[in-house]
Amino acid sequence: MSAYFFGGYRNIMKQIEDVITIEEKNHIDELTGLHNITGILEHLQGHDQYSASDSTVIIYINVMNFKVFNQKYGFAGGNDFLRGMAHELKNLFPDELVARTSGDQFIVLGKSIVKEELLEKLEEFREAVHNYEKGLKMKIKAGIYCAKGDEEDPVIMVDRAKMACDDIIRVYDRDNNLYTEELDKRNELRQYVIDNFENAFKQRYFQVYYQKEIRAVTRKVCGYEALARWLDPQYGIISPAVFIEVLESVHLIHRLDIYMIDQVCSDLRDDIDSGYEVEPISVNLSRLDFELCDIMSEIDKCRAKYDIPKELLHIEVTESAIAAGADFLGKHIKKFRDAGYEVWMDDFGAGYSSFNNLKDYDFDVVKIDMGFLREFETNQKSRIILASIVNMAKELGIHTLAEGVETEEQYEFLLKIGCEKMQGYLFGKH
């Protein structure tokens, strides 16, 4: 054969090698040397040993407080941490395909990994990561999906592993979560909420339920808390735990909260016009309400529309929202109080910054989280803490309301320690 032929052959092979090299580079994460999301999906959808089958196992890993790490140690420190994670994952899962999808999230793609062995390896991984934390304890969540073999698209496997991981992001004491049919149903419901919330507004499926607030000494009603309920023709009563979380995630919660406030003002006007005696109603605001709209202006518009005085609307903001919003929310709390509204801290004691919030911001009422009463009979410390909170609030000039009161014993104890107001099933479900 001629030299011309061999020269042309070599050129063709070189071009093929270059294409393969470029394609492989597109599949590799530059920082860690692992596969990226494109690379792992190529394997899942391909025909090699890692292609999707009924023995495929996907582990989706997410670092919860990586932003804090970056802020403290800079991007260089953050990159070192991510490279350390990659190194440990490759050591612990040598026979699996490991990828970094983006930022602080990783995927392990394996075959027929035994659940117990998998959970042990994840704990080993968390222990190994301590070597890279520089004293800042990192929280690592993992979602696990075991394939069934009936998935229409391998991408679904990754989505479901991520779904399982996302499901425990706000669950402090759970680090691993296995995808289940129950989770699938919950996510179907979440999708239903996203697809149907506009129609729910139009059809007035959202209803306001009023829970009584009673004065401890007289045991008479002194106010109400407005609670949102979705009465759906297909699903029946959709839990607020579902639709509020979804509406917050898609930044539509302010629509619901403004709707609720409008309904509360309308109901107050009907009662006033009918000659009934009315009591103040407290309404819950999300942290996002303050970001997505001028919520005080919206409330003022509703009050003006129905001619409702400020004294009949109390503003509730959860302790966790205040902690997340920091100075930003503090300015809005002051703005509401300066305008003449009462502002209440909801779920006091549920978070980690409750006492700092009392120090930094002014509130008219603290609503003591029902978690203390859940352990009322079994944990003597709960009683001591409750008494201390009530006493401290009095010293600060803040009124107290206990949530979740269900028994006469709880009522008598709260009355004895000086808690001024209460709410819960003991006084009626609505």
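Me: Hi! Where do R186 and E182 lie?
Reply: Both R186 and E182 lie in helix α6, residues 181–202. They are four residues apart, about one turn of the helix. Keep in mind that this is a predicted model.

Me: Thanks. What do the side chains of R186 and E182 form?
Reply: A salt bridge, at 3.5 Å from N to O. As background, side chains of opposite charge can pair when their charged atoms come close.

Me: What about E182, buried or exposed?
Reply: E182 is exposed, since its relative accessible area is 54%.

Me: OK, zooming out: how many salt bridges does the structure hold?
Reply: The structure holds 27 salt bridges.

Me: Let's switch to K367. Which residue sits across from it in the 3.0 Å salt bridge?
Reply: That would be E225; 3.0 Å is the distance between the closest N and O atoms. The pair links distant parts of the chain, 142 residues apart. E225 belongs to strand β7 (residues 221–232), while K367 belongs to strand β12 (residues 365–368).

Me: Is E225 buried or exposed?
Reply: E225 is buried, because its relative accessible area is 5%.

Me: Then why does K367 count as buried?
Reply: Because its relative accessible area is 0%, and buried means under 20%.

Me: Which residue does K367 meet in the 3.9 Å salt bridge?
Reply: E403, with the 3.9 Å taken from N to O. This pair also links distant parts of the chain, with K367 in strand β12 and E403 36 residues away. E403 is in the loop between β13 (399–402) and α15 (408–417). Both K367 and E403 are buried.

Me: Nice. New topic: which residues form the negative surface patch?
Reply: D150, E152, D153 and D159 form that patch.

Me: Where is E152 placed?
Reply: E152 is in the loop between β4 (140–146) and α5 (155–166).

Me: And is E152 buried or exposed?
Reply: E152 counts as exposed, because its relative accessibility is 78%.

Methods: Residues are numbered from 1 along each chain as its sequence is written. This is a predicted model: local features need pLDDT of at least 70, side-chain atom pairs count only at pLDDT 80 or more; totals for chains, interfaces and linings use all residues. Side-chain values use heavy atoms; hydrogens and water are left out. Patches are made of residues with over 30% relative accessible area and no salt bridge: like charges are joined within 9 Å, nonpolar side chains (Val, Leu, Ile, Met, Phe, Trp, Tyr) within 5 Å. Accessible areas come from the Shrake-Rupley method with a 1.4 Å probe; for residues, only the protein chains shown count as cover. A salt bridge is a side-chain nitrogen of Lys or Arg within 4 Å of a carboxyl oxygen of Asp or Glu. Lys and Arg count as positive and Asp and Glu as negative; His and the chain ends are not counted. The place of a charge is taken as NZ of Lys, CZ of Arg, CG of Asp or CD of Glu. Helices (H or I, at least four residues) and strands (E, at least two) are DSSP runs, numbered from the N terminus. Buried means under 20% relative accessible area, exposed over 50%, partly exposed in between (1.4 Å probe, protein chains only).
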